[in-house]
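Here are my notes on this one, written as numbered points you can follow with the model open beside you. Take a look at the picture, then start with the loop residue in point 1.

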Amino acid sequence: MKRIVLLFSALLICAMASAQPVLEKKSYKVNRTYNSPVIDGNITDEEWAPGEWDGDFIQYEPLDGQMATQKTEFKVLFDENNVYVAIKAYDNSPDSIVKRITRRDNCDGDQVGIAFDSYHDLRTAFIFFVSVAGSKQDMIMSNDGDNEDSTWDPIWFVKTRVFDWGYGAEMKIPLSQLRFKITEGGSWGMTVVRYISRNQETSFWSYIPRNTPGIVHQFGEATGFEGIVPKKQADITPFAVASFEHSGKEEGNPFATGHKEIINGGIDGKIGLTNNMTLDFTINPDFGQVEADPSEVNLTAYETFFKEKRPFFVEGKNITSFSTGIGDGDLGNDNLFYTRRIGRSPHLGADTDDNEYSRSPLNTSIIGATKITGKTSDGLSIGIVEAVTSEEKAEIDSLGERTYQTVEPLTNYFIARIIKDINNGNTIIGGGYTNTHRFLDGTGINSLTTTANTGGIDLQQYFADKKWFLSVTTSFSMINGSRESIERLQRSSVHFYQRPDADYVTLDTNRKSLGGYGGNIQFGKIGGNWRFAVFGLFKSPGFDLNDVGYLRRADDMSFIFWSSYRINNPFWIFRNMRFNTNIWEMTDWGGTTLDLGGNIQVSAQFKNLWYLGTGTNLGLKSVSNTMLRGGPSMATPASFNYWIYANTNESKKFYVEANYYSTVIAEDAGEYRGGTMEFSLKPGRSFTVSVAPSFSYGRDNLQYVTAIDYEDQERYILGRIEQKIAMMSLRMNYTITPDLTIQYWGQPFLASMKYSDFKRVTTPDADNYNDRFHMYSGSEISYISDENVYNVDEDNNGTTDYSFDNPDMNFDEFLSNLVIRWEYRSGSALYLVWSQSRQFDDPSGEFAFSSNINNLFTSNKPRDIFLIKFTYRFGLH
């Protein structure tokens, strides 16, 4: 402990010693106007006469700190209702300006924009971008630029126009769409940005060095916003939805009639409680226009983490999120609030007998949800979410008689989050709390918990102009329910309390609650060319967030060291280069090392704007607590992995991305390899198409199959699996105007899983790989094709001791979405949607591309959904 204290003390001294003076900020005086400009792109109108034009932009990349290659000027005016921005983007080669029309929040080509830190908290910015073709991109930037929320879609107006000297942009931003505090002198943080597509040059009006952390605190100052009065936003958007579903008809199944019609409606709203606090609500929401999740085959013990795509839940996540993990990837997904829990698929399925058919909902209906988000003038961010999902029942038909089973109870979700900025954003203290309550009375459900409470406190402290940081997070969970539900929770893949060799936990079938705690500590240097951080993570065996949060696995103690060196300015043939390395060790609470390894990676962009990156991982011999799904821990061999990726200049009309990876497991225990190619074409100003085929192959000699009770002993059956997956993603976007777009996404997915070389685990922790299991001989195991099962006769006495199903499988799926979106007036839209899904599976386990495709598109009828959604925004401010 003394050594750790000395180490941290030394690092803190280094942090203080490396402090550098803050660069002098630019300042711009905005002017009030009494003659509001007409937003038509003509910035030569006399309405723009007041005030001064400013410029002298400085490059962010490629030549950090040097003057921009093209001249840019801007002017900012305001009146009692709006902020007006004019930007002149001069170009000595106007024919080289890249003009591409895209949908909102997906700008391409040359762009200009402005960012306001209207809270003046040095951490939060409201950003308004426009491409030369007139496409909008807006977002809220928080945590000093570390988080971006592009789902924020305020009501604002912009027009662009091309001139012989370049192009110009005119913006009108209503004050009702901004959150700000009134300060002496009317000061906001502000910067203006320009992006030149042909050489991927980004420049700012206020200099923002690339080797310093954060962005917002380095904005310039805009003074003169005096006399403005905060405006409260009030928007009510009712919507109506009509859908028709067509699918295959199943003889004898009264629920599979082949068609279904639905007419639905609801209300979305956004009301300003104060200038800084907004109430969002949705009643009976519909997300039919949201793209489906990609296909996958998950053979692990863990739940797959899917990204949130529903706008109501994405917007404001920068406030409501409370991360208990570290970094990105699997360890970074742990969070008190995982929005996909709200409206999830039902926990339970229908329990049917022979000659019975059932119909269950695919997702739980959201009755309503409200959300309060914002930031007070003294730096207190608040996020509150309240949502109620309905009780869902499966309808069961038994020879014409109908009964119902509850598959998901009525559930209430509550989430609260606060974050307080202190000391000009150098100290951030926060807290979070969630509650999930299921109304189980009268449902007959005992397997689900009744209530779950989670909470936590986090602290971030920055030093030396934010080049060094210290972060500490602690959290807890307490879950209550019936004995059956708590036993089920203890046995889940998050905990596996039933493991026979885990002497530090005990499966208690009489428990009615389960509690735990977790947290992390992080310290490092995040400024300058050389950066590093050390991370410590802990999750107790009883820690659980999965009622309204996400936790992949409890029972974890991890230590990670990360280091990076960046070369930001061009040299030789390179435009920039980055080196990264990681070292990690993960143990359980019994002290067993679960994972020990490290990686090295390097990436570079060349002066021709191509990218190349490569890296390698080394995982040493370790132990898995989850391989046997609640059985004893099993030693696993070492592994070696490498990967490489590259892409051509993405500014061109045609570019290619490619990646390849390969993994080899020691003892010839397995191998994995695969690659993806993506071809993107932009043949004109308004159409883009991308095709991304991929293929992967995996062989694992220790794939879990099943566990069987035999003679009062558990038999853990493993097998050799050969898995092949081929898939392709096709995207097409046609932007007729920035407000009228057609988008298509389609993905065929073909997967085969073929098993062989079955074995039973004997001594899972043996030093010798082959001593950990017994391979079934030909006389011990036999395949019964008529029943599609394997029979095992361990003692060769001619009598079957136990059996297990043949796990071979083919799974093929096709998903597609076609969405036509027309924003016919600001905040009001019409959607036309066609979604199709196809599925086919069989027990062959054989991969043959042509037959898999043929089976997918000819064996079963597709499920087609045609939907029209109409929304109309009433602006009440």
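1. Leaving aside residues up to four places away in sequence, isoleucine 215 touches Met141, Asp144 and Ile208, where a contact means heavy atoms within 4.5 Å. Isoleucine 215 belongs to the loop between β13 (201-204) and β14 (220-223). Helices (H or I, at least four residues) and strands (E, at least two) are DSSP runs, numbered from the N terminus. With a relative accessibility of 22%, isoleucine 215 is partly exposed; buried would be under 20% relative accessible area, exposed over 50%, and partly exposed is in between (1.4 Å probe, protein chains only). Lysine 26 is 189 residues away from isoleucine 215 in sequence, yet their C-alpha atoms are 14 Å apart in space.

2. Now a word on what you're looking at. This is a predicted model, in which local features need pLDDT of at least 70, side-chain atom pairs count only at pLDDT 80 or more, and totals for chains, interfaces and linings use all residues. Residues are numbered from 1 along each chain as its sequence is written, and side-chain values use heavy atoms, with hydrogens and water left out.

3. How confident is the predictor? The pLDDT (its confidence in each residue, from 0 to 100) averages 91 over the protein chain, and 97% of the residues score at least 70. Confidence is lowest in helix α1 (residues 2-17), with a mean of 39, and highest in strand β35 (residues 639-647), at 98. The pLDDT stays below 50 over residues 1-22, a stretch that has 17 contacts in the model beyond near neighbours in sequence.

4. Next, have a look at strand β5 (residues 82-90). Why is it described as largely enclosed by the rest of the structure? Because eight of its nine residues are buried. Strand β5 pairs with β4 (residues 72-78) in the antiparallel sense over seven bridges, and pairing here asks for at least two DSSP bridges between two strands. A hairpin of three residues joins β4 to β5. Across this pair, leucine 77 is opposite tyrosine 84, and phenylalanine 78 has valine 83 as its bridge partner.

5. Strand β5 also runs antiparallel to β11 (residues 166-174), joined by nine bridges; lysine 88 stands opposite glycine 168 there. Zoom out and you get an open sheet of five strands, in the order β2-β4-β5-β11-β10, with mixed pairing. Its edge strands, β2 (31-32) and β10 (157-163), each pair on one side only.

6. Which residues have the most contacts inside the largest nonpolar core? They are Val76, Val83, Ile114, Phe116, Phe128 and Phe225, in a core of 38 residues. A nonpolar core is a set of buried Ala, Val, Leu, Ile, Met, Phe, Trp, Tyr and Cys residues joined through side-chain atoms within 4.5 Å. At least two residues of this core come from each of β4, β5, β6 (111-117), β7 (125-131), β11 and β12 (188-196). Another core lies apart from it, with 18 residues, including Val705 and Tyr755.

7. Strand β40 (residues 740-761) is mostly covered, with 16 of its 22 residues buried. It pairs antiparallel with β39 (residues 713-737) over 17 bridges, and the two form a hairpin with two residues between them. Another antiparallel partner of β40 is β45 (residues 809-825), through 14 bridges. Strand β41 (residues 773-775) is joined to β40 by three bridges, also antiparallel, and valine 761 stands opposite phenylalanine 773 there.

8. Finally, the rings. The whole structure holds 42 aromatic pairs: rings of Phe, Tyr and Trp (its six-membered ring) pair if their centres lie within 6.5 Å, with planes under 30 degrees apart counted as stacked, over 60 as edge-to-face and the rest as tilted. Phenylalanine 571 and phenylalanine 574 make a tilted pair, at 5.3 Å centre to centre and 40° between the planes. Phenylalanine 571 is partly exposed at 30%, whereas phenylalanine 574 is buried at 12%. Elsewhere, Phe78, Phe116, Phe180, Trp188 and Phe225 form one aromatic cluster.

Note on methods. pLDDT = per-residue confidence, 0-100.
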